[in-house]
Amino acid sequence: MISRRVLQELLQQPLGPYHDKDVLNEACRPLGQSKLFLYSFVLEHNGRVTGLDQSETPLDGQVEDHRKFRFRGTLKIGDPDWLSDWGVKLVEAELDLRWSECTLREGGRRGPPLALKELFDNGQLKYSGSEHRDSSDDCELLLRIQGERGQPAVFMRADPAKDGLLWTSKDQFRQYEVLTMDVATYSFSENFFWRYRLLALMKEIVDRYRYVSIESRDPEWFVDKYIQDFAYPEGDKHPRVIYDSADSDLDEERVPRTPRQPVRVHKSEILGLFAAHAEWLVTNEVSRRHKIFNVKVWDKFRKRVKKERREAARNGVVWGWPIGQESRVEDPISSASSEEDEDYIVERNPVIGKPTPLVQRKLEIARKKRLNGRKRIESSTSESESDVQGHAYASDFSGDSDSPWEPEEFPTADKEVLRLVPWQFTIPPDPPDPTGRWQCPLPSCQYNIDLRHLTEENKRDVDDRIIRHLMRKEWQNVYMDNVVVRGFLQMVRNHYGGHLTEFGVKIVKEGNRERLERINPLQGDVDSHSLRRRLPPKGSLRGEPTATRFHVIE
């Protein structure tokens, strides 16, 4: 019989990976539980590691989503009956292979082939659930399991995993609670987690204050209630991670009597989280049967966010952005109509199981509803009071009306022409970061600007006086030097002009106004093969081209 020390060495790393449909039994689950526990969860799409931000964003709100997302994770086997007959043979074969390699390496002799049933029956592997015991004295049979997504992920909304992430495999629609996640997948899932954390928090606040009218549940009300009821839990005031055991301040249970002074949570920090996901909250809420806030009120807040983000950037502050999208301005600011603006909102935030036109119509109806004029929310969402209240990062954002950061009017265009233009070009360009660097927002473009190290391409068709001012590098603040700002905007405009030609569009001046026209390939203005349709709405995260490869087992 194999020794316990050798068995621990053989099982130090998980076995596999295996397809869940090959190794797991149809009734694979711990006794009395409806789910398994998965560790080191990794998600893949088209051979690259991705996250829930992508997998849980439907394609234009379609009900059917034919994309294939494969997952891999570590599963602890607590009973050999969880494995299929073929699965038992696969696991035993890999265990025997590891044992043979171990004996060759150490010069020992191995015994007869291992049998999983015997290992469990003689106590070398214990019958248990699928949660790790994290004990070095116990041997655990860990398998790397790979499968396909069966249903949308559920976070903080399912009874089997009330406060966790519930993942469903396509095979037998087997459910896993994800307890730990790979770093790369987690980094591509943070917006998904934040959105549903905020939604769960808002539901809990509403449950506590059901007597408050829905019109009064504006963003500031939720922020105030969070700080009042959740920011400083009573149980966190006394426990300390590091303390002196000889301290006379300790009580009989070794807990300090003097309360700690927790870090103060600023309102702007919490409001910034709501601002980052305001669009998603609006489109999600308008599709819900039981509303927890007034959509029209929050839609006004969403529109105000884009202005305050811009003004925060002018003060060198990053505020109110979804994770990974800090250098983007989400809301179209152009001469487009409100209907076109609405198209962008729903396209960027489709709702699972809801067609985009349906969500769009519901939001249009919500916008037309009249609010109760007696509610304080009307005054708190007015443009005039937003500055006074510091409705962003605790600054009034006062500035000159002739600032070069004020957005230029977007050229007029017919809808047919506007469809050829990426949505990123219909909004003011992202400000450069504090060091003066800027990257073209199109995922396929590598063009960048470094205001302190200009290239010849950057300087093309920019006023010589501006270039000399930039090259002297006597300026300090990127956002406050008007000459630097004008130069930056001219460089971006020149670069965008090249892209517009690729998309089959040109800018035509009519007096003091500009208009977009389609380029006719038959006129020889542009090669017909270079004309491209409009790029899809923002959804991918930066860094995706260099993401870690996911080696799929076929």
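**Close-up views of a predicted model**

**View 1. Helix 8 and helix 9 cross in a right-handed manner.** In this predicted model, the axes of helix 8 (residues 219-229) and helix 9 (residues 267-276) come within 10 Å and cross at roughly 130°. Angles of 65 to 115 degrees count as roughly perpendicular and those over 145 as roughly antiparallel, and helix 8 and helix 9 are therefore oblique to each other. From helix 8 the contact draws on Pro219, Phe222, Val223, Asp224, Tyr226 and Ile227, while helix 9 contributes Lys267, Ile270, Leu271 and Phe274. Sorted by kind, the residues of this contact comprise eight nonpolar, no polar and two charged.

**View 2. The largest nonpolar core has 82 residues.** Within this core, Leu141, Phe274 and Trp298 are the residues that touch the most other members. Helix 7 (residues 190-208) supplies nine residues, the most that the core receives.

**View 3. The surroundings of Trp298 include Phe222 and Phe274.** When residues up to four places away in sequence are not counted, Trp298 touches Met202, Arg217, Asp218, Pro219 and Phe222, and also Phe274, Leu281, Val282 and Phe293. Phe222 and Phe274 also take part in the contact between helix 8 and helix 9.

**View 4. A cis peptide bond joins Gly16 and Pro17.** Omega at this bond is about 15°, and Pro17 lies in strand 1, which spans residues 15-19.

**View 5. Phe173 and Lys473 each have a positive phi without being a glycine.** For Phe173 the phi is about 50°, and this residue sits in the loop between strand 6 (165-169) and strand 7 (175-178). Phe173 has a relative accessible area of 48% and is therefore partly exposed. For Lys473 the phi is about 60°, and its place is in the loop between helix 18 (464-472) and helix 19 (482-502). With a relative accessible area of 39%, Lys473 is likewise partly exposed.

View 6. Of the 554 residues that make up the chain, 47% count as buried. Among the contacts between residues at least 6 apart in sequence, 70% join residues that are at least 24 apart.

Technical notes:
Residues numbered from 1 in each chain as written. Predicted model: local features only at pLDDT ≥ 70, side-chain atom pairs only at ≥ 80, totals over all residues. Heavy atoms only, no water. Core = buried A, V, L, I, M, F, W, Y, C linked by side-chain atoms within 4.5 Å. Buried < 20%, exposed > 50% of the residue type's maximum accessible area, 1.4 Å probe, protein only. Helix = DSSP H or I, 4+ residues; strand = E, 2+ residues; numbered from the N terminus. Contact = heavy atoms within 4.5 Å. Axes fitted to C-alpha atoms, helices over the stretch in contact; angles between N-to-C directions. Parallel < 35°, antiparallel > 145°, perpendicular 65-115°, else oblique. Left-handed = near helix turned anticlockwise from the far one by under 90°. Nonpolar A, V, L, I, M, F, W, Y, C, P; charged D, E, K, R; others polar.
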